[in-house]
Each structure stands twice: as C-alpha cells, then as structure tokens.
Amino acid sequence: MVRKKGSLILCGAFLFVAWNALLLLYLWGRPPIGRLGEGGGAEPGGKEEWGVGRGKGSRVNLAGEVIRLAEEVEIQLETQKKLLKQIESHRAVWARQKDNNQLATSIASPEVIIPILVIACDRVTVKRSLDRLIQYRPSPKLYPIIVSQDCGHTETARVIGSYGDQVTHIRQPDLSDIRVRPEHRKFQGYYKIARHYRWALNQVFNTFSQSTVVIVEDDLEVAPDFFEYFRALYPILRADPTLWCVSAWNDNGRDALVDPSKAELLYRTDFFPGLGWMLLKDLWDELELKWPSAFWDDWMRQPEQRRDRSCIRPEISRTITFGRKGVSLGQFFDQYLRYIKLNTEIVPFTKQDLSYLLKEKYDEKFIKEVYSAPLVKIEDLQQGGSLKGPGPYRVQYSSRDSFKVFARNLGVMDDLKSGVPRTGYRAVVSFLYRGRRVFLAPSEDWTHYDISWS
C-alpha cells in the first residue's frame, strides 16, 4: 500500500514536469503572429515574424493575443500549483498513515518475540518472581523466560531447575572476586552485578539473537498486565529515537501518591527507573562498549549515557520489589519501596492508541497542562480548604534546596541523579497529594538539568 502511494506521488511530479514541457513546446511551435504573406505564411525574416506589425490593427491584435496567452498561462500555473499542493497534502497524510500502520503492525505481529531476562543470584525466593511470570505469561513462544544466575548458589539453582523447560537456565561462568580499590571493597557486590548484567545481556542479544529484552530482577513480582504493557509499548520504543527504555516502575508509586482509577495512565520520564525495563539491541550495542565496572544503574542516569533520551513509566507500577535483602542493605526499602502499589487490573494497552507518548505530541500537551495549572503555595495544599476541585495544581521550585524541601513535605522522593528528580520529565514531578493532582515544577523558562544538583 505504501509503495503504491509512493508511485502516485512520483506520477504526480512527472505529470507536473511533463505539462510544463508540453506548454513550452506549444508556445515555441505556434505560428508567428503578425501580417501573413502570400500563401498564408508569415514573411520569413521580416518584422512580422516577431509579431511586430506595421498597421494599427496588427498592434491591437498583437496586444490582445499576448494578453490572452498570458491569461492562459496564469490559469495553467494556478492549476499546477493546486495540483502540487494536493500532492504535498496527500504525501503528509500518507506519511502519518505509514507511521500508524507501522505501529499497528508491530503490535499485532506474531513474530515479535519479547524475552524476559531474570537476573538471579542467591535468593530462593526467585520462585515468587517466576511463579507470577509464568502465571501471567500469555505465550511461552512470544515471551521466553531466560533466568541468568550468578553466585553459584546451589539451592537457588535447584529452584530454577524445578521449572524444567518453562524457563531457560543459564549460569554466569566467572564467579571470581573483582579487584577493586581498597575503599570500594564493601561495594564488591555492585561490581559483580555489573559484570553479570553485561554477560547476561550479551547472551540474550548475541547468543540467542534477540532484538529486545525485558529485564526483571529476582526480587520483583509482576502485575497481571505486565506482558500486555510491554507488548503495546514495544512499537513506541522502536518508533521514537528520543526514547531509550520502557519501565514498569514508578518511583513515586506509593498508594497515596497515585490515582487508583487511572491504571491506564502512562508518562514520559527523564529519570531511568529500572526495576522491570525494556531495551532494544541497538541500545545495548551502544552501551556495551562502555559498560561500567560497577553501579550500572546510576551510570545509566548520567547525561553521557542518557543523551537527553527518556523512558516510559506508568502511573501505577507493573512491578513491586519484595527483596529487602541485597547489596543495597535495604536502602529505601523500609521508607519507600515496601509501599509501592502494584497494579491489579488488566488494561488492554494493545487496543489503545499510544501514539500520544511520541515526543512531539506529548511535549505540547504536557507543557500546556503543567503551566496552565494554577500556581499555589505548599501551605495551600497542606491546608486544602481554599482549593476547589481535584486539580491539577502547580508548586514551583527554584533551586535544589527548595525542590528537596517541597518533595519531603509532599511525600515524594527527594533525591536527584545527575540533577534529574525521580519520575521527572522536563524537571516536572507529577503525583497525587491528598487526592489532588500536583505538578512540582521549575519555572516555565526551564531549559536543562543542572548536574551540580545531585
């Protein structure tokens, strides 16, 4: 269909050129205007051949003929201009149709395989993660589960092996300690995790020859529509070069901060969320060459890696973590992570038009919504009596310190990585506060993140 429309555009352009060529030949080939000689021909070489008559009648006829020809040419030019405008208009429409068709084809295509890579180590509770993945998985063929195990822990290996051919069990072969600086000895676990990720992702993309993957750690439980979510967003990720991941996680996804009636809400975010996320092979080819030796997730949040790209994240998380035990020793778990709300209803994302998440469409609507929201003080939100309706309302911050103060008072996470707040998009953090939608936002003339805010 697209090829046929392209041919029509070429035909239109050819007709335009051909018409002008014929018109030129027609004008060149017309008999000279002027006094006719004997036998009905113009006198060759005479002034009449150039339309210069000697009589008054000849001059009148010549002027009328020139005017008539000029009017004809003008009419033809107007016709051709309209034709070109129609061609250009149809070209734009066909281009949009092509984009929409590509998105629809990617969603519907049964050939798109989205493997799930489970990063495991020494947690036998990986069973909880695998049980939910297998329970909700609509197709083993379209969603093969690859469990990559580090650490060589026998009991964990036995649990993984108990699933038989429902999963593919691979083992990271290098279990040796990694030489680190003396002050980093306590971070040995972070170095091993980065090494494991690199090996496991190379297995998925290079050994198993997959084009995309969703990474899940062994302490994550997934939502019933986890697979539906990633299936629907796969074509958006492929179509928009300003995106580099799709995440199932909302860092500010605690029960009181999200709208339980809006499970279908999706956002762009400049903060890399992780915790159940999709990337494409093209991105891995870019990152693998410079993959860090440790702290890979914070490394991903640096501007040199992010390169102004964003991720998609949900209003209500499609994963929760149950792993207080880990190399981070429960950091954030007791204060934030244990309260993250897991989505429980199935949203038919693959039947929805998600093109609003493409940058050009999203930014225009997002900026208008944020900066048309009434500007209020934090005290107004806390007291609430003077505010009418569910919002949205905007609280404006102007510095790193003011952001942190407002975030703490409103209950959202206050840390920044490379100057980017968690869940932030264009430095705006969106959440609910006492049932009202709030945008914690910089001034409208904001242009870029300041890494010194970290």
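## Buried or exposed?

A residue is called buried when its relative accessible area is under 20%, exposed when over 50%, and partly exposed in between, using a 1.4 Å probe and protein chains only. By that scale, E183 is partly exposed, at 48% relative accessibility.

Before going on, a word about the model. It is a predicted one, where local features need pLDDT of at least 70 and side-chain atom pairs count only at pLDDT 80 or more, while totals for chains, interfaces and linings use all residues. Residues are numbered from 1 along each chain as its sequence is written, and side-chain values use heavy atoms, leaving out hydrogens and water.

## The nonpolar cores

Let us start inside. A nonpolar core is a set of buried Ala, Val, Leu, Ile, Met, Phe, Trp, Tyr and Cys residues joined through side-chain atoms within 4.5 Å. The largest one holds 54 residues, and I116, L130, L133, I145, F226, Y229 and L233 touch the most other members. Helix α6 (residues 226–239) gives the largest share of this core, 9 residues. Helices (H or I, at least four residues) and strands (E, at least two) are DSSP runs, numbered from the N terminus.

Leaving aside residues up to four places away in sequence, L233 touches V246, L266, I312, L354 and L357; such a contact means heavy atoms within 4.5 Å.

Now look for an open sheet of 3 strands, in the order β11-β15-β14 with mixed pairing. Two strands pair if DSSP finds at least two bridges between them. Strands β11 (393–396) and β14 (429–433) are the edges, each pairing on one side only. Between β14 and β15 (residues 436–441) there are 5 bridges, and these two strands run antiparallel.

Helix α12 (residues 400–410) lies across β11, β14 and β15, at about 30° to β14. For such angles, axes are lines fitted to C-alpha atoms, for helices over the stretch in contact, and the angles run from 0 to 180 degrees between N-to-C directions.

## Salt bridges

How many salt bridges does the structure hold? There are 25 of them, each a side-chain nitrogen of Lys or Arg within 4 Å of a carboxyl oxygen of Asp or Glu. In one, R123 meets D218, with the closest N and O atoms 2.6 Å apart. R123 sits in the loop between β1 (116–120) and α3 (126–136) and D218 in the loop between β4 (212–217) and β5 (220–222), so the pair ties together parts 95 residues apart in sequence. R123 is buried at 17%, and D218 is buried at 4%.

E183, our opening example, forms a salt bridge with R181 (2.9 Å, N to O). R181 is partly exposed too, at 45%.

## Disulfides

A disulfide is a pair of cysteine sulfur atoms within 2.5 Å, and the count here is 2. C121 is joined to C151, S to S 1.6 Å. The torsion about their S-S bond is about -85°, so this disulfide is left-handed.

C245 and C311 form a disulfide with sulfur atoms 2.1 Å apart, and with 120° about the S-S bond their link is right-handed. C245 lies in strand β6 (residues 243–247) and C311 in strand β9 (residues 310–314), 66 residues apart.
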